[in-house]
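Biologist: Before we turn to the pocket, could you set out the model that we are discussing?

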Amino acid sequence: MIRPGSPLPDTGNRSRETGQPRPTEDARQPTAAERVRTLVESNASATLTIPGAERDTFDNPVPSVPEARAVTPRGDVLLLVPADSLAGRTAVHAQHDEMTAVMEITDVAPVSVPQRIRGKAWVAGWLTAVPAEESGACRRLLARAHPAGPTPGAAWTLLRLEPGEAYVDDLWGQEPVEPDEFAEATADPLARHEAELLQHLAASHQDQLGSLCRLLGDAAPDAPRDAGLSVAPLSLDRFGLRLRCRAAERCFDARFDFAEPVTDLGQLRRAMRWLFESAG
């Protein structure tokens, strides 16, 4: 019989810098490349830096924060940045010369929980401005990824980041990712809906989330029974749901695997129903 609930190591009162709870080795989980790909294609905040670039080269450049991101079939990352940003102006100034650049993505839980930063990913490689003859196809790819489009009335520069290496440090662990692994990976199918789904669970299903903790049984970390248990949905992927639980001064994560991986919202509804029915 599948046991859907498993506690993860105690978080105590540690900060994000001292590490997140990690899953057991036999837990079903997305690969490191899939996790990086998911974050790159998500709406998580990102910054772009060019090591060695002198900020004084241009007058008062705005921060290099991509407005939109997309991944090409060959695994390059398209970035739409403000035309007056350091990255945008430096790439255009460099013409077709390649520059090294690092994109850092910070993943923040969409609901209020202790240690709200769920992880970070870094993609380092070579940055160039997309030439005019390729901009049409690249902008169509960006438009499919971001139908709402960029903020109107602003000037944007389209850049291409060719990954040379990547790294992820998140709820699952710390791992490097090779460029070919990143190119072949796919984003989690629930990623685009995750924030809305977690917020819905937090707002409308608190009792059912609390009942899931019964599945932990004696495996749950000790906590005063009369202290009251606070439960919040922390993350959701095709393999399962992770909760962050807090009682008195104790804080721990619990992972609840689905019976089978899901690929769409219909399968997710059935998987969640199975979890809640398992809790009785």
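Modeller: By class, the lining of the largest pocket has 17 nonpolar, seven polar and 17 charged residues, where Ala, Val, Leu, Ile, Met, Phe, Trp, Tyr, Cys and Pro count as nonpolar, Asp, Glu, Lys and Arg as charged, and the others, Gly among them, as polar. This is a predicted model, in which local features need pLDDT of at least 70 and side-chain atom pairs count only at pLDDT 80 or more, while totals for chains, interfaces and linings use all residues. Residues are numbered from 1 along each chain as its sequence is written, and side-chain values use heavy atoms, with hydrogens and water left out.

Biologist: What share of the residues of the protein count as buried?

Modeller: Buried means under 20% relative accessible area, with a 1.4 Å probe and protein chains only. Of the 280 residues of the protein, the buried share is 48%.

Biologist: Is Asp107 buried or exposed?

Modeller: Asp107 belongs to strand β5, strands being DSSP runs of E with at least two residues. Its contacts, meaning heavy atoms within 4.5 Å, include Leu39, Ala44 and Arg116, when residues up to four places away in sequence are not counted. Because its relative accessible area is 15%, Asp107 is buried.

Biologist: Among contacts between residues at least 6 apart in sequence, what percentage join residues at least 24 apart?

Modeller: The contacts considered here are those in the protein between residues at least 6 apart in sequence. Of these, the part that joins residues at least 24 apart is 69%.

Conventions: Buried means under 20% relative accessible area, exposed over 50%, partly exposed in between (1.4 Å probe, protein chains only). Helices (H or I, at least four residues) and strands (E, at least two) are DSSP runs, numbered from the N terminus.
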